[in-house]
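Please read the following report alongside the sequence and the coordinates.

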Amino acid sequence: MVVLYRIICLVLGYGFGLLQTGVIYGKLAGTNLKEHGSGNSGTTNALRVLGFKAGLVVFIGDFCKSFVPCMVLRFMLRDTYPDTYYIYMIYMGFGAVLGHIFPFYLKFKGGKGIATIGGFAASLFHPIFIVVLLAIFIGTIAITKYMSVGSIVLMICIATGFIVQTVLGLTCFNLSDPYSRGVFIEGAIMVALLAALAIFKHKANIIRLKNHEENKFRFKKQEGI
């Protein structure tokens with residue numbers, strides 16, 4: 001049954017991930033984000049093409065489509081599976097990110113998953129870690145002026161932070177119990193895979209950074225949109 005529960009969480013998560021906030025907002029605003037800017041339906045492209053309000057709405061939508069279902073699952077399962085309920089949240093979040101990045105109805109071309117992973121991470125991390133991650137993300141962008149660099153650094157910190165907070169006893173996993181420890185390792189691998197996937201989706205940004213061609217982050221809306 002535990003395998004079936006994982007599959008159900010993964011499928012449900014994918015369904016939530018299919019709610020492409022950027023595409024919906026763009027249509028309401030009369031602009032197809034897939035045809036402007038980077039062609040991405042995520043927060044950064046919404047910011048650049050349609051401005052701050054659009055970027056904020058898209059971010060909130062993409063953040064919540066992983067955060068809300070993961071938190072609902074948390075409250076549903078924490079008494080039934082006190083030492084392992086995080087793993088079901090991880091499968092739910094993993095599915096949501098896959099749905100966001102690879103929506104079948106958009107020919108599997110969605111966003112890069114940063115906001116959705118952020119919502120997923122917020123459901124898993126201790127509040128102190130959330131504040132630290134947010135500070136690192138904003139600080140990196142403020143220093144480098146590149147959203148892509150901030151996103152990549154954030155993904156690395158999420159993958160490592162999940163392990164650190166578990167070692168510190170801030171997750172449900174009981175590392176002294178062999179079964180719970182094994183489930184933690186499974187979850188840590190999945191979180192690392194999500195971070196690696198998000199970084200891979202930034203491959204074009206990495207190439208532009210290397211060639212000094214990456215656009216610096218600005219809140220200003222594109223002219224003519």
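Cysteine 9 counts as buried at 5% relative accessibility, where buried means under 20% relative accessible area, exposed over 50% and partly exposed in between, with a 1.4 Å probe and protein chains only. This is a predicted model, in which local features need pLDDT of at least 70 and side-chain atom pairs count only at pLDDT 80 or more, while totals for chains, interfaces and linings use all residues. Residues are numbered from 1 along each chain as its sequence is written, and side-chain values use heavy atoms, with hydrogens and water left out.

The structure holds zero disulfides, a disulfide being a pair of cysteine sulfur atoms within 2.5 Å. The distances and accessibilities of two cysteines are set out below.

| Cysteine | Closest cysteine sulfur | Relative accessibility |
|---|---|---|
| Cysteine 9 | cysteine 70, 8.7 Å | 5% |
| Cysteine 172 | cysteine 70, 13 Å | 10% |

Helix 8 (residues 147–167) and helix 9 (residues 178–200) have axes that come within 8 Å and cross at roughly 175 degrees; the axes are lines fitted to C-alpha atoms over the stretch in contact, with angles from 0 to 180 degrees between N-to-C directions. Helices are DSSP runs (H or I, at least four residues), numbered from the N terminus. The two helices are therefore roughly antiparallel, a term for angles over 145 degrees.

Isoleucine 90 lies in helix 5 (residues 85–101) and is buried, with a relative accessible area of 0%. Not counting residues up to four places away in sequence, isoleucine 90 touches Phe120, Leu124, Phe162, Gly187, Met190 and Val191, contact meaning heavy atoms within 4.5 Å.

Conventions
Angles under 35 degrees count as roughly parallel, over 145 as roughly antiparallel, 65 to 115 as roughly perpendicular and the rest as oblique.
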